[in-house]
Amino acid sequence: MTVSQSLLSIKSQLPSGVRLVAVSKFHPASCIMEAYEAGQRLFGENRPQELASKAPQLPSDIEWHFIGHLQTNKLKLVLPYVALVESVDSLHLLEAINTWALAAGRRIPVLLELHLGAEETKHGLTEDEIIGILADGAMYPGIEFKGLMGMATNTDDEAVIEADFARIEGLFYRIRREFPALSETFNELSIGMSGDWPIALRHGATLIRIGTAIFGERQY
């Protein structure tokens, strides 16, 4: 299938209220434009230099999300362009984004990334760290906390993936109960990728991140 056919096939399967992040990393601007011309406006990138190169040459109404591990020395390549940083995976990064935002006179919307799955190589915060950050939310006036993000264990065992997504879903609703002041804005749950997004839909996903199933294998 073409990019546009794959995109429209996936979108036709999404319930109301769930948005598709078309993960365009490793694909040229021409592929993004094919998806754009099919109606897609939300794209995800995970390499700062690639995002900073693509964003200025593509339509200004694209909503960019940064979805990868972000080093603090790369903020200037990412924050001017993105509508959401989905992958705040450490207190150090959160503090750096807050500092940048205050200097720029902005508030940066973020998702806090919960460390899900068995792989120690995955980035992310613990549940206790996330609760502690939100309890101290007033310390981050440059941040708008929008929700949670997570990646399930890389496995074919659907029961394991279900358990991972159930865990982050439980934390999401716990936060909404315990921090009623956030109830109006803390409403995004970004879970599910090309291999497991149907399972994510069963666990309250509001954003799903799909790249290969739309664009095919990486082009560079």
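Buried means under 20% relative accessible area. I keep that cut-off at hand for these entries, which concern a predicted model.

**Entry 1: Phe 26**

I looked up Phe 26 and located it in the loop between strand E1 (19-23) and H2. Its relative accessibility is 14%, so Phe 26 counts as buried. I then read its backbone angle. Phe 26 has a positive phi of about 65 degrees, and it is not a glycine. I wrote the general rule beside this: most residues other than glycine have a negative phi.

**Entry 2: helix H1**

I turned to H1, which spans residues 3-11. Which residues of H1 are buried? I noted Val 3, Ser 6, Leu 7 and Ile 10. Around the axis they cover an arc of only 100 degrees, so they sit on the same side of H1. I then checked what this side packs against. The buried residues of H1 pack against E1, H2, helix H8 (197-201), strand E8 (207-210) and helix H9 (212-215).

**Entry 3: H1 against H2**

I took H2 from that list of partners. Two packed helices are described by the angle between their axes and the distance between the axes. For H1 and H2 (residues 29-37), I read an angle of about 50 degrees and axes 9 Å apart. H1 and H2 are therefore oblique to each other. H1 passes H2 in a right-handed crossing. Which residues make the contact? From H1 I listed Val 3, Ser 4 and Leu 7, and from H2 I listed Cys 31, Glu 34 and Ala 35. Sorted by class, the contact of H1 with H2 has four nonpolar residues, one polar and one charged.

**Entry 4: helix H6**

I moved on to H6, residues 127-135. Here Ile 130, Ile 131, Ile 133 and Leu 134 are buried. Seen down the axis of H6, the buried residues fall within an arc of 160 degrees, so they line one face of the helix. On the other side of H6 I found Asp 128 and Ala 135, which are exposed.

I picked Ile 133, which lies in helix H6. Ile 133 is buried, with a relative accessible area of 5%. I set aside its neighbours within four places in sequence and listed what remains in contact with Ile 133: Leu 91, Leu 94, Leu 112, Leu 125, Tyr 140 and Phe 145. For Phe 145 I also looked up the separation. Ile 133 and Phe 145 are twelve residues apart in sequence and 9.9 Å apart in space, C-alpha to C-alpha.

**Entry 5: H6 against H7**

I went back to H7 as a partner of H6. The axes of H6 and H7 come within 12 Å and cross at roughly 20 degrees. Angles under 35 degrees count as roughly parallel, and H6 and H7 are therefore roughly parallel to each other. Their crossing is right-handed. Glu 127, Ile 130, Ile 131 and Leu 134 of H6 meet Arg 167, Leu 171, Arg 174 and Ile 175 of H7. By class, I recorded five nonpolar, no polar and three charged residues in the contact of H6 with H7.

Is Ile 168 buried or exposed? At 0% relative accessibility, Ile 168 counts as buried. Not counting residues up to four places away in sequence, Ile 168 touches Leu 114, Leu 116, Leu 148, Met 149, Gly 150, Leu 189 and Ile 191. I followed up Met 149. Ile 168 and Met 149 are 19 residues apart in sequence and 8.1 Å apart in space, C-alpha to C-alpha.

**Entry 6: Glu 63**

I ended on a strand. Glu 63 lies in strand E3, residues 63-66. Its relative accessibility is 26%, so Glu 63 counts as partly exposed. Leaving out residues up to four places away in sequence, Glu 63 touches Arg 19, Arg 41, Leu 42, Phe 43 and Ala 83. I also looked up how far Glu 63 is from Glu 162. They are 99 residues apart in sequence and 29 Å apart in space, C-alpha to C-alpha.

Note on methods
Residues numbered from 1 in each chain as written. Predicted model: local features only at pLDDT ≥ 70, side-chain atom pairs only at ≥ 80, totals over all residues. Heavy atoms only, no water. Buried < 20%, exposed > 50% of the residue type's maximum accessible area, 1.4 Å probe, protein only. Helix = DSSP H or I, 4+ residues; strand = E, 2+ residues; numbered from the N terminus. Arc of directions from axis to C-beta. Axes fitted to C-alpha atoms, helices over the stretch in contact; angles between N-to-C directions. Parallel < 35°, antiparallel > 145°, perpendicular 65-115°, else oblique. Left-handed = near helix turned anticlockwise from the far one by under 90°. Contact = heavy atoms within 4.5 Å. Nonpolar A, V, L, I, M, F, W, Y, C, P; charged D, E, K, R; others polar.
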